[in-house]
Amino acid sequence: HTLSLHDALPISTGCRRILAPVLMAALLALAACSSPQPTLPTFHRWGKIELIFHGPESKGLGQPNPFTIPFDVMFTGADGHSYLVPGFYDGDGHGGLDGNVWKVRFSADTNGVWRWHTQSPAPLLNGLNGRIGVIDQPANAPEFYHLGRLEYVNQRYFKFREGGYWI
């Protein structure tokens, strides 16, 4: 047995004409809410995070020199701590000088969702934004990956953020 709008709503035809589009819009909105969200790109804490951007078509030996175009990415962790990381021109992204590929490399120091946004005078590279997820290293990763980055701590030797001194 099929249930029609007429069976479900024992009201006048005029009211049904008004309510039918409203109900349809409500059902479509509900379906959109239950749609799966896009998967968040996930990286490991202390691992290399590389984001690739497509900017203006450039010649590596041309003018303006693409290597001098400012391009930065601000990464902000769930705790509110931010890092401004300079990006760089990478030609075609495969070793060639000519292309439109800019990259940024970053290493997150805390787990959670990180937001990022770009800053550049080049319109194609400015105002882009997104999110990434950061999780622990797998348990079987080499020990070095669990120690964090090397940092200067006002002493003679560098120290791992989450480990001992590097001597």
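Me: How many aromatic pairs does the structure hold?
Reply: The model is a predicted one. Rings of Phe, Tyr and Trp pair if their centres lie within 6.5 Å. On that basis, the number of aromatic pairs in the structure is 8.

Me: Are the rings of Tyr83 and Trp114 stacked or edge-to-face?
Reply: The ring centres of Tyr83 and Trp114 are 6.2 Å apart, and the planes stand at 25°. Planes under 30 degrees apart count as stacked, and those over 60 as edge-to-face. The pair of Tyr83 and Trp114 is therefore stacked.

Me: How many residues apart in sequence are the parts that the pair of Tyr83 and Trp114 ties together?
Reply: Tyr83 belongs to strand β4 (residues 82-86).

Me: Is Trp114 buried or exposed?
Reply: Trp114 is in one aromatic cluster with Phe75, Tyr83 and Phe106. Its relative accessible area is 0%. Buried means under 20%, so Trp114 is buried.

Me: Which residue in β6 stands opposite Phe53?
Reply: An open sheet of 3 strands has the order β2-β6-β5, with antiparallel pairing. In this sheet β2 and β5 (88-89) are the edge strands, each pairing on one side only. Strand β6 (residues 99-106) is joined to β2 by 7 bridges. Across from Phe53, the residue in β6 is Trp102.

Me: What distance separates the C-alpha atoms of Pro56 and Leu125?
Reply: Pro56 is in strand β2 (residues 49-58) and counts as partly exposed, because its relative accessibility is 23%. Beyond four places away in sequence, Pro56 touches Gly99, Asn100, Trp102, Ala122, Leu124 and Leu125. Although Pro56 and Leu125 are 69 residues apart along the chain, the distance between their C-alpha atoms is 8.0 Å.

Me: Is the peptide bond from Gln63 to Pro64 cis or trans?
Reply: Pro64 lies in the loop between β2 and β3 (72-76). For the bond from Gln63 to Pro64, omega is near -5°. The peptide bond is cis.

Me: The backbone oxygen of which residue does the side chain of Gln137 reach?
Reply: Gln137 lies in the loop between β8 (129-135) and β9 (150-151), and counts as buried because its relative accessibility is 14%. Leaving out residues up to four places away in sequence, Gln137 touches His44, Arg45, Trp46, Gly47, Tyr145 and His146. At 2.7 Å, its side chain reaches the backbone oxygen of Arg45.

Me: What is phi of Trp46?
Reply: Trp46 lies in the loop between β1 (42-44) and β2. Trp46 is buried, because its relative accessible area is 10%. Its phi is positive in a residue other than glycine, with a value near 70°.

Me: Is Asn154 buried or exposed?
Reply: Asn154 is found in the loop between β9 and β10. Asn154 has a positive phi of about 60°, although it is not a glycine. With a relative accessible area of 65%, and exposed meaning over 50%, Asn154 is exposed.

Me: Which residue in β10 stands opposite Leu150?
Reply: Another open sheet of 3 strands has the order β9-β10-β11, with antiparallel pairing. Its edge strands are β9 and β11 (165-166). Strand β10 (residues 158-160) pairs with β9 over 2 bridges. The residue in β10 opposite Leu150 is Phe160.

Me: Over the face of which residue does Lys159 lie?
Reply: A charge sits over a ring if NZ of Lys is within 6 Å of the ring centre and within 35 degrees of the ring normal. Lys159 lies at 5.9 Å from the ring centre, over the face of Tyr165.

Terms used
Residues are numbered from 1 along each chain as its sequence is written. This is a predicted model: local features need pLDDT of at least 70, side-chain atom pairs count only at pLDDT 80 or more; totals for chains, interfaces and linings use all residues. Side-chain values use heavy atoms; hydrogens and water are left out. Helices (H or I, at least four residues) and strands (E, at least two) are DSSP runs, numbered from the N terminus. Buried means under 20% relative accessible area, exposed over 50%, partly exposed in between (1.4 Å probe, protein chains only). A polar contact is a pair of N or O atoms within 3.5 Å; within protein, one must be able to donate a hydrogen and the other to accept it, and residues adjacent in sequence count only if both atoms are side-chain atoms. Contact means heavy atoms within 4.5 Å. Two strands pair if DSSP finds at least two bridges between them. Rings of Phe, Tyr and Trp (its six-membered ring) pair if their centres lie within 6.5 Å; planes under 30 degrees apart count as stacked, over 60 as edge-to-face and the rest as tilted.
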